[in-house]
Amino acid sequence: MTYNQDLLIREKRHPEKQKNPDRPMGKKPAWIRAKAPVGDTYKETKSIVSDMKLTTVCEEAGCPNIGECWEKKHATFMIMGEICTRACSFCNVATGKPDELDKYEPLRVGVAVEKMGLDHVVITAVDRDDLADGGARHWVKTIEAIRFKAPETTVEILPGDFKGDMAAIDEVAEAKPDVFNHNLETVPRLYPTIRPGARFFRSLRLLERVKDIDPNIFTKSGLMVGLGETKEEIGQVMDDLRAAKVDFITIGQYLQPTPKHAPVDRFWTPEEFKSLEKMARAKGFLMVSATPLTRSSYHAGDDFKRLREARLKQLNKLG
Ligand code: SF4
């Protein structure tokens with residue numbers, strides 16, 4: 001259990017959700033199976049994260065893949081604190097008034113990446129709508145610290161939408177992460193209930209803008225299914241993402257973190273995920289990951305290598 005989980009009881013983590021009626025969480029189907037966190041490398045990862053006083057989304061979001069990922073030394077760091085200014089109805093990260101930014105955090109992330117000897121690192125953040133630049137400068141410092149401490153490591157970032165502030169988006173894109181990942185999460189019809197603080201087309205515009213700034217940066221976006229969307233709506237979102245030149249789509253099953261969160265409408269079967277994958281490939285994404293346990297940072301290192309190979313292949317074909 002993390003410091004955050006110890007200190008903040010569920011009501012404190014999600015004060016805005018306490019008015020919601022309890023929604024039974026039901027039984028997960030047999031195909032939602034995750035590896036238990038037990039191995040030595042898992043413990044080593046946990047101790048580096050805790051020694052460096054870092055936060056991970058793996059723990060904060062209660063990700064089911066933590067046993068598998070941490071055993072491979074793959075953790076997703078979450079910067080700018082443990083408290084988010086938004087209150088999305090699917091998300092287990094605590095909501096409230098965040099702390100001041102920690103100016104030493106970028107360097108600690110850089111040192112942790114160096115210590116862990118990572119080929120590829122994924123960094124995400126809470127939404128910081130309280131900051132004038134949405135945390136853009138902190139993002140840049142973090143990317144620079146990783147480049148300084150671990151120059152061989154490729155960097156994937158997963159920021160929020162900066163409330164559509166183009167100057168902030170440009171600043172972060174100009175720091176040239178290898179992958180700029182921003183999740184649309186769900187179909188536009190469900191935004192008012194699932195992602196009320198966000199706007200579908202604002203997020204889409206962000207992804208398009210990154211490509212305008214630097215077409216060499218890989219762009220990536222993720223969707224959760226099981227919130228009430230239809231396959232046709234997902235197909236439309238895929239078209240929107242391709243129109244914004246997004247390279248890589250991830251699709252995974254939504255899992256309800258607590259009875260106060262949005263309920264699971266249904267569990268998509270592994271066969272249905274295969275069919276979503278086929279549909280995404282047909283629409284021209286360079287890379288697709290669509291399985292029940294897919295998360296935007298799941299297998300991100302291996303996927304990055306494949307992404308690079310896929311682009312080379314495409315360029316050779318064109319050449
Ligand atoms: S899938 Fe991502 S969030 Fe989940 S444990 Fe792995 S690295 Fe962490």
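**Note on the predicted model**

1. Ile213 counts as partly exposed, since 18 C-beta neighbours fall inside 10 Å; on this scale a residue is buried if 20 or more other C-beta atoms lie within 10 Å of its own, exposed if 12 or fewer, and partly exposed in between, with C-beta atoms placed from the backbone. The residue belongs to helix H10, residues 200-213, where helices (H or I, at least four residues) and strands (E, at least two) are DSSP runs numbered from the N terminus. Not counting residues up to four places away in sequence, Ile213 touches Asp170, Ala173 and Glu174, a contact being a pair of residues whose C-beta atoms, placed from the backbone, lie within 7 Å. Ile213 and Ala173 are 40 residues apart along the chain, and their C-alpha atoms are separated by 6.9 Å.

2. On the basis of this note: this is a predicted model, in which local features need pLDDT of at least 70 and side-chain atom pairs count only at pLDDT 80 or more, while totals for chains, interfaces and linings use all residues. Residues are numbered from 1 along each chain as its sequence is written.

3. In soluble globular proteins, nonpolar side chains tend to be buried together. Leaving aside neighbours within four places in sequence, Ile123 is in contact with Phe77, Ile79, Val109, Thr142, Ile157 and Leu158.

4. On the packing of two helices: the axes of H6 (residues 105-116) and H7 come within 8 Å and cross at roughly 35°, the axes being lines fitted to C-alpha atoms, for helices over the stretch in contact, with angles running from 0 to 180 degrees between N-to-C directions. The crossing of H6 and H7 is right-handed, the term used if the near helix is turned clockwise from the far one by less than a right angle, and left-handed if anticlockwise. From H6, Pro106, Leu107, Val109, Gly110, Val111, Val113 and Glu114 meet His138, Lys141, Thr142, Ala145, Ile146, Phe148 and Lys149 of H7. By class, this contact has eight nonpolar, three polar and three charged residues, where Ala, Val, Leu, Ile, Met, Phe, Trp, Tyr, Cys and Pro count as nonpolar, Asp, Glu, Lys and Arg as charged, and the others, Gly among them, as polar.

5. On the ligand: Val57, Cys58, Cys63, Asn65, Ile66, Cys69, His74, Ala75, Thr76, Arg295, Ser297 and Tyr298 surround it, a residue being near a molecule if its C-beta atom, placed from the backbone, lies within 6 Å of it. Helix H4 (57-60) and helix H5 (66-71) are the elements that give two or more residues to this shell. Seven nonpolar, four polar and one charged residues make up the shell by class.

6. On backbone angles: Lys53, in the loop between helix H3 (40-51) and strand S1 (55-56), has a phi near 50°, a positive value in a residue other than glycine. Lys53 is exposed, because 12 other C-beta atoms lie within 10 Å. Lys245 likewise is not a glycine, yet its phi is positive at about 65°; the residue lies in the loop between helix H11 (231-243) and strand S9 (248-253). With 14 other C-beta atoms within 10 Å, Lys245 is partly exposed.

7. On Val225: this residue has its place in strand S8, residues 218-225, and is buried, because 26 other C-beta atoms lie within 10 Å. Beyond its neighbours within four places in sequence, Val225 is in contact with Ile234, Ile251, Gln253, Tyr254 and Trp268.

8. Lys35 counts as partly exposed, with 15 C-beta neighbours inside 10 Å. Thr193, in helix H9 (residues 191-194), is partly exposed with 14 other C-beta atoms within 10 Å. Although Thr193 and Ser89 are 104 residues apart along the chain, their C-alpha atoms are separated by 7.1 Å.

Notes
Contact = placed C-beta atoms within 7 Å.
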